[in-house]
Amino acid sequence: MSRSTTSGPSQRMLRVGEQVRHALSETLQRGEIVDPVIENSVVSVSEVRMSPDLKIATAFISPLGAGDADAVVGALNRHAKFIRGRVSGALRQMKYMPEFRFRLDTSFDNFARINGLLKSPEVARDLDHQNKNNDKDEE
């Protein structure tokens, strides 16, 4: 069997990442972590990326209602071993329990920036100019 030449994640990495995301979300939702920074915010886990050996899980989070998102990420990283123990029950089918690393999810900021660029007057002007040229070519 030949190996794929793509550099993207394998199906197994994607499947396990989704299972870890669900287990992590449930654990955070139960509010078992005693930390004032985490208790005062709702944490959304948008994605979990697994390492190829499935031993490291990088969770991308978006804290909602928190003033300092970096403080929430730092608090979660401080409690990573506790979280690992709490998640282990839901992931007992795994041979090794992954080590958790938490990162701030900036994809929503990127989407908002791109959306703002697409709605800018300069882009609208260019698109309007392009549509006028296309209409002339069709005639």
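Let's start at a ring. Lys55 lies over the face of Tyr96, 4.3 Å from the ring centre. A charge counts as over a ring if NZ of Lys or CZ of Arg is within 6 Å of the ring centre and within 35 degrees of the ring normal.

A word on the source. This is a predicted model, where local features need pLDDT of at least 70, side-chain atom pairs count only at pLDDT 80 or more, and totals for chains, interfaces and linings use all residues. Residues are numbered from 1 along each chain as its sequence is written, and side-chain values use heavy atoms, with hydrogens and water left out.

Next, aromatic pairs. How many does the structure hold? One. The rings of Phe100 and Phe102 have centres 6.2 Å apart and planes at 20 degrees, so the pair is stacked. The rule covers rings of Phe, Tyr and Trp (its six-membered ring): centres within 6.5 Å make a pair, and planes under 30 degrees apart are stacked, over 60 edge-to-face, the rest tilted.

Are these two buried or exposed? Phe100 has 5% relative accessibility, so Phe100 counts as buried. Phe102 is buried too, at 0%. Buried means under 20% relative accessible area, exposed over 50%, partly exposed in between (1.4 Å probe, protein chains only).

What does Phe102 touch? Leave aside neighbours within four places in sequence, and its contacts include Leu24, Ile61, Leu76 and Ile83. Contact means heavy atoms within 4.5 Å.

Now the core. The largest nonpolar core has 28 residues. Val20, Leu24, Leu76, Ile83, Phe100 and Phe102 have the most contacts inside it. Such a core is a set of buried Ala, Val, Leu, Ile, Met, Phe, Trp, Tyr and Cys residues joined through side-chain atoms within 4.5 Å. Helix 1 gives the most to this core, six residues. Helices (H or I, at least four residues) and strands (E, at least two) are DSSP runs, numbered from the N terminus.

Stay with helix 1. It has 20 residues and reaches 29 Å from first C-alpha to last, close to the 28 Å expected. That expected span is 1.5 Å times one less than the number of residues. Its buried residues include Met13, Val20 and Leu24. Strand 1 and helix 3 are among the elements covering them. Just after helix 1, Gly31 takes a positive phi of about 70 degrees.

Last, the strands. Strand 1 and strand 2 pair in the antiparallel sense over eight bridges. Pairing needs at least two DSSP bridges between two strands. Ser44 has Ser62 in strand 2 as bridge partner. The two strands form a hairpin with five residues between them, and Leu54 in the turn has a positive phi of about 65 degrees.
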